[in-house]
Structures are given as structure tokens and as C-alpha cells.
Amino acid sequence: MSSKSGTPKKNLMLFSGRAHPELAEEVAKHLNVSVVPQTAHNFANGEIFVRFNESVRGTDAFVIQSHPAPINEWVMEQLIMVDALKRASAKRITVIMPFYPYARQDKKHKGREPISARLIADLFKTAGADRIMTVDLHTAQIQGFFDGPVDHLLAQNVLAAHINKTYQDENITVVSPDSGRVRLAEKWAAQLGDRPIAFIHKTRDPDKPNQAVANRVVGKVRGQLCVLIDDMIDTGGTIVKATEALLDEGAADVVIASTHGILSDPATERLSNCKAREVIVTNTLPIPEEKRFPGLTVLSIAPLLAQAIQQVFEDGSVTSLFDGNA
């Protein structure tokens with residue numbers, strides 16, 4: 001007899017970086033597991049050290065890390081965690097990045113520019129990642145940058161459920177912040193009950209980051225509650241200008257719905273002073289108390305992440321979580 005049979009067993013283990021441990025703990029609670037204990041610290045010169053306190057040999061490892069500022073430190077920490085798991089003989093390593101770092105740098109606008117979103121994918125592949133799980137990529141083609149499976153989760157169901165519950169009796173128009181997201185606005189409009197759509201025609205200077213000019217509104221918004229959708233809010237300049245443009249066109253009110261609340265300064269000040277009725281984000285990124293303001297609603301993405309992790313672990317269908325539309 002040249003071989004020996006055995007009973008294969010699968011073992012799910014969840015690992016968390018230090019950027020947003022509250023999200024990892026919430027995901028762990030939904031999965032009915034515990035986050036694997038680890039030792040992690042920084043040396044005096046900024047080098048990061050990570051060691052897991054339990055054996056990970058043969059495990060199905062899920063490594064969750066959010067990427068707020070300082071983004072480069074948290075990217076490096078997650079890379080080091082993946083490297084540690086690979087060298088400790090984890091069977092499969094799934095990198096969970098609710099907010100994909102450097103996603104805005106997905107193409108070259110001019111010569112001699114990097115495509116940093118591709119670089120991030122290459123770094124994690126080299127470190128030992130077998131799979132990536134992320135939420136609402138800035139552009140869907142980033143999935144093709146990673147040489148392996150990418151689970152692209154959609155926060156639309158989470159956000160739309162809140163809007164349906166809160167504003168179902170209002171005359172809603174779904175508004176895209178630019179012409180590039182009209183298709184997404186159409187999906188939102190269908191989910192909210194076949195609502196009309198509009199979009200903001202804007203221009204952006206690639207030499208001036210975080211700045212855009214909202215030129216005009218395309219579509220009928222007068223007297224409507226405008227649900228202004230976007231994938232991220234960084235400094236808040238673009239979304240606030242879009243809100244002002246809608247109100248100038250006669251919109252009755254504006255509700256802002258965005259997946260990733262980066263909220264770099266002065267976003268909190270801008271959003272709290274703008275005339276939007278409500279600003280809705282998810283907790284893909286940590287939002288500390290000093291960045292919160294009246295009118296901000298933070299919805300949890302943890303149940304969605306937990307469901308996706310369970311499907312991957314059981315070799316099920318992640319797409320089924322989005323009615324086949326992922």
C-alpha cells in the first residue's frame with residue numbers, strides 16, 4: 001500500500017490587524033468564533049512585529065484589516081500577518097480588506113504615473129494570499145489585478161435597506177455623483193422601488209487631488225428627496241458640492257449614502273455644516289467619536305462579511321448573497 005487515507009477536516013480561524021479590532025470582534029461574534037490571539041507591536045524605528053499565539057497549520061485563515069490613516073502602516077501590518085501565516089503552514093489565506101487601499105489609483109491619467117491598486121494586489125499575492133475579499137471597489141476592474149479569486153461584496157443591500165425603512169414614503173430620486181456611476185444608480189433605483197435617477201456632471205483636475213467641480217444636474221430633482229450615492233467620502237468636498245447643486249436645482253432634501261467613510265479633515269466640518277438631512281456610511285473603516293456629528297448614521301458591515309466568510313469556508317456561493325448580481 002503506497003498511500004494512507006485520512007479524514008480531512010476544515011478549521012476556520014479569524015485573524016485581525018490592529019486598525020479596526022471592533023469590526024473583527026463583531027464579525028467573530030456572527031461567526032461564533034474568537035479572534036486568534038496574537039502578539040503585535042512596533043519597534044522604535046516603526047518596524048512591525050506579529051506573532052500568532054496558536055498553531056495555524058492546515059487552517060483556513062481569514063485575515064481582516066481595515067485601512068484608515070496611516071494607511072501604509074496598516075497595509076504593511078496585514079502583509080506581515082499574511083507572511084507569518086504562510087510560513088506557519090496555513091492551508092489557505094483569505095485577505096479581507098473592507099476598504100481596498102489605493103483603489104483610486106486604478107489607471108494612469110497621464111504618463112509616468114503608477115497603477116498603485118495593481119501594486120497592492122501584487123504585494124498580497126507575493127506575501128502568500130490565496131484570495132481577497134473586499135467591499136465596494138472604487139472600480140470593478142480592480143478584481144482583475146489579483147491573480148486569484150476576489151470576492152467583491154456590495155454594501156448596497158445594507159444601505160438601501162436603511163433608506164427603504166426610513167424614507168419609503170418619500171418621493172425619491174437616486175443621484176449619481178458623476179456620469180460614471182449611472183449604472184450603479186440604476187441598480188439602486190430598482191432596489192428602492194423603480195425610482196427615477198439623475199446625475200451630477202462634474203470635472204476633476206488630476207493634478208489637484210480631492211477637488212472636483214459640480215457643473216450641473218442632469219435629470220429632474222425638483223421637489224424630490226435625492227439619495228446621493230458614492231463609494232467613499234474622503235475630505236467631503238465633492239459630495240458637499242453635489243449636495244449644494246441638488247438643493248440649488250430645487251431638491252426638497254438630500255440624503256447621502258456612501259460605503260466608506262474615510263472622513264479626512266475637514267470632512268466632518270463640511271458634512272455637519274452642509275444641508276443634507278442624513279449622511280449614511282458603513283463601518284468598513286473605523287469612525288472615532290471626534291469624526292462623528294449629528295446626522296451621521298453608521299451601519300455595520302459585519303453581518304455581510306460574516307456571511308461571505310461562511311460561504312467561502314463552506315465552498316458555497318458568495319454571489320448568492322446579492323441575488324446573483326455580484
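Modeller: P266 sits in the loop between β12 (253–261) and α7 (267–273). Helices (H or I, at least four residues) and strands (E, at least two) are DSSP runs, numbered from the N terminus. This is a predicted model: local features need pLDDT of at least 70, side-chain atom pairs count only at pLDDT 80 or more, and totals for chains, interfaces and linings use all residues. Residues are numbered from 1 along each chain as its sequence is written, and side-chain values use heavy atoms, with hydrogens and water left out.

The bond between D265 and P266 is cis, with omega about 5°. Another cis peptide bond runs from A69 to P70, with omega near -5°. P70 lies in the loop between β4 (60–64) and α2 (71–87). S89 is not a glycine, yet its phi is positive, about 70°.

The chain splits into domain 1 (12–153) and domain 2 (156–299); the bounds come from an automatic or database domain assignment. Their centres, over C-alpha atoms, are 28 Å apart. Each side gives 15 residues to the contact, meaning heavy atoms within 4.5 Å.

Together the domains bury about 1,300 Å², with 57% of it on carbon and sulfur atoms. Buried area is the accessible area (1.4 Å probe) that two parts lose on being put together, summed over both. On domain 1, F99, R104 and D136 supply 39% of the area buried against domain 2, more than any other three residues.

R104 also forms a salt bridge with D234, side chain to side chain, at 2.9 Å from N to O. The count between the two domains is one salt bridge, that is, a side-chain nitrogen of Lys or Arg within 4 Å of a carboxyl oxygen of Asp or Glu. Eight residue pairs are in polar contact across the interface, both partners at pLDDT 80 or more. A polar contact is a pair of N or O atoms within 3.5 Å; within protein, one must be able to donate a hydrogen and the other to accept it, and residues adjacent in sequence count only if both atoms are side-chain atoms. The side of domain 1 that touches domain 2 has six nonpolar, five polar and four charged residues. Ala, Val, Leu, Ile, Met, Phe, Trp, Tyr, Cys and Pro count as nonpolar, Asp, Glu, Lys and Arg as charged, and the others, Gly among them, as polar.
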